Amino acid sequence: MIFITVRFAVRPEHADNWPVLVDEFTRATRAEPGNLFFDWSRSVEDPTKYTLVEGFTDSAAGAAHVAAPHFKAGLETMAGAIAATPEIIHTEIPGEGWSPMAELAPRP
């Protein structure tokens, strides 16, 4: 599995609207055959910081994502709303997605 995490510093005037701004890109990516997850989170400490956590089945699916027209369109849209170059972690890890956490389960 390809696991990617990207941190975005968003310009303050775009911070509240960021989910709407990236909605088309998000929906198109989630519809890709090799996408396992594509989830945004907003920092509770800094409302201008967003983190994207994404997973793809393999490197071919990751390459298809980067080559997709909606990827290029998404970058163009985001470029006008970010305050700095995003930071990324991109790695290949074993597994096929999320697994249950062994250390915690709901109480009955």
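Modeller: Helices (H or I, at least four residues) and strands (E, at least two) are DSSP runs, numbered from the N terminus. This is a predicted model, where local features need pLDDT of at least 70, side-chain atom pairs count only at pLDDT 80 or more, and totals for chains, interfaces and linings use all residues. Residues are numbered from 1 along each chain as its sequence is written, and side-chain values use heavy atoms, with hydrogens and water left out.

Colleague: In what order do the elements of the protein run from the N terminus on?

Modeller: The secondary structure comes to 5 helices and 4 strands. From the N terminus on, the order is β-α-α-α-β-β-α-α-β.

Colleague: How many bridges pair strand 2 with strand 3?

Modeller: Strand 2 (residues 35–42) is joined to strand 3 by a hairpin, and 6 residues make that link. Trp 40 stands opposite Leu 52 in strand 3. The two strands pair in the antiparallel sense, and the count of bridges is 7.

Colleague: And how many bridges join strand 1 to strand 3?

Modeller: Strand 1 covers residues 2–9 and runs antiparallel to strand 3. Here Arg 7 stands opposite Thr 51. The number of bridges is 8.

Colleague: Is strand 3 largely enclosed or largely in the open?

Modeller: Buried means under 20% relative accessible area, exposed over 50%, and partly exposed in between (1.4 Å probe, protein chains only). In strand 3 (residues 49–56), 6 of the 8 residues are buried, so the rest of the structure leaves it largely enclosed.

Colleague: What about strand 4: enclosed or in the open?

Modeller: Strand 4 is joined to strand 1 by 6 bridges, and the two run antiparallel. Val 6 stands opposite Ile 88 in strand 4. Of the 6 residues in strand 4, the number buried is 0, so it lies largely in the open.

Colleague: Which residues touch the most other members of the largest nonpolar core?

Modeller: A nonpolar core is a set of buried Ala, Val, Leu, Ile, Met, Phe, Trp, Tyr and Cys residues joined through side-chain atoms within 4.5 Å. The largest one has 17 residues, and those touching the most other members are Phe 8, Trp 18 and Met 78. Strand 1, strand 3 and helix 5 (69–79) each supply at least two residues; the element that gives the most, with 4 residues, is strand 1.

Colleague: Which residues does Met 78 touch, leaving out those up to four places away in sequence?

Modeller: Met 78 is found in helix 5 and is buried, with a relative accessible area of 5%. Contact means heavy atoms within 4.5 Å. With that cut-off, and not counting residues up to four places away, Met 78 touches Phe 8, Trp 18, Val 22, Phe 25 and Trp 40.

Colleague: How far apart are the C-alpha atoms of Met 78 and Ala 9?

Modeller: Along the chain these two are 69 residues apart. Their C-alpha atoms, though, are separated by 11 Å.

Colleague: Last one: what share of the residues of the protein count as buried?

Modeller: The C-alpha trace spans about 45 × 35 × 20 Å along its principal axes. The protein has 108 residues, and the share that count as buried is 32%.

How values were computed: Two strands pair if DSSP finds at least two bridges between them.
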